[in-house]
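Open the structure in your viewer and keep the sequence panel beside it. The stops below are meant to be taken in order.

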Amino acid sequence: MEYENNSKKPKIISKKCFKYPMNCCSKRCANSFNVKVLETEFQKFWDFGDYDKQNNYIFSLMSIKNTVLSSKWDYIFRYNGNILKVCQKFLLSLYQISKSRLRVIQMKIKNGMNLTLLYINYIFNDLFNN
Ligand SMILES: [Zn+2]
């Protein structure tokens with residue numbers, strides 16, 4: 001688990017090392033960016049040092065398109081004031097976040113639910129599923 005559920009410091013974030021996000025999809029999203037840019041954005045993300053701040057950031061990288069039958073997620077990468085469309089796998093591997101964490105945030109966007117509550121659910125699910 002990446003985060004410790006401790007009553008004094010509930011959101012301790014473990015250190016991560018930058019890894020180049022390879023083989024995300026056929027478009028190879030990472031090829032659109034300078035490796036330095038990717039590393040800087042990765043560093044910024046982990047320098048938040050706060051679970052909620054990270055989630056808010058991830059939140060700002062996604063949007064949902066609803067049609068009558070289904071919904072589709074769009075993902076973007078932000079750097080130096082620019083925005084470029086990327087795939088989900090690119091974001092997951094660049095920021096080294098789990099798909100389940102992303103799903104929790106997507107649930108919030110869909111349902112407009114309270115993120116703290118979802119975070120608690122996430123921790124509990126994690127505890128019971130392991
Ligand atoms: Zn991709």
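Which residue of strand 4 is the bridge partner of Lys-65? Select Lys-72, which is the bridge partner of Lys-65 in strand 4.

Before going on, note how the stops are labelled. Residues are numbered from 1 along each chain as its sequence is written. This is a predicted model, in which local features need pLDDT of at least 70, side-chain atom pairs count only at pLDDT 80 or more, and totals for chains, interfaces and linings use all residues. Helices (H or I, at least four residues) and strands (E, at least two) are DSSP runs, numbered from the N terminus.

**The whole chain**

Colour the chain by secondary structure. There are 5 helices and 5 strands, and along the sequence they follow the pattern β-β-α-α-β-β-β-α-α-α. Of the 130 residues, 13% count as buried, where buried means that 20 or more other C-beta atoms lie within 10 Å of the residue's own, exposed means 12 or fewer, and partly exposed is in between, with C-beta atoms placed from the backbone. Two residues are in contact if their C-beta atoms, placed from the backbone, lie within 7 Å. Among contacts between residues at least 6 apart in sequence, 48% join residues at least 24 apart.

**The sheet**

Now select residues 62-66, strand 3, and residues 71-79, strand 4. These two strands pair in the antiparallel sense over 5 bridges; two strands pair if DSSP finds at least two bridges between them. The hairpin that joins strand 3 to strand 4 runs through 4 residues.

Two pairs to pick out are Tyr-75 opposite Val-86 and Phe-77 opposite Leu-84. The hairpin of strand 4 and strand 5 has 2 residues between the strands, and Asn-80 there takes a positive phi near 45 degrees.

With these 3 strands shown, the view holds an open antiparallel sheet in the order 3-4-5. Its edge strands are strand 3 and strand 5, each pairing on one side only. The twist from one strand to the next averages 30 degrees.

**Asp-74**

Stay in strand 4 and select Asp-74. Is Asp-74 buried or partly exposed? Asp-74 counts as partly exposed because it has 13 C-beta neighbours inside 10 Å. Leaving aside neighbours within four places in sequence, Asp-74 is in contact with Met-62, Ser-63, Lys-65 and Lys-85. Draw a distance from its C-alpha atom to that of Ile-64, 10 residues apart along the chain: the separation is 6.2 Å.

**The helix pair**

Finally, select helix 2 (residues 51-59) and helix 4 (residues 99-111). They pack at an angle of about 65 degrees, with their axes 10 Å apart. Axes are lines fitted to C-alpha atoms, for helices over the stretch in contact, and angles run from 0 to 180 degrees between N-to-C directions. Helix 2 and helix 4 are therefore roughly perpendicular to each other, a term for angles of 65 to 115 degrees.

Show the side chains of Asn-55, Ile-58 and Phe-59 in helix 2 and of Leu-102, Ile-105 and Ile-109 in helix 4, which make the contact.

Technical notes
Angles under 35 degrees count as roughly parallel, over 145 as roughly antiparallel, 65 to 115 as roughly perpendicular and the rest as oblique.
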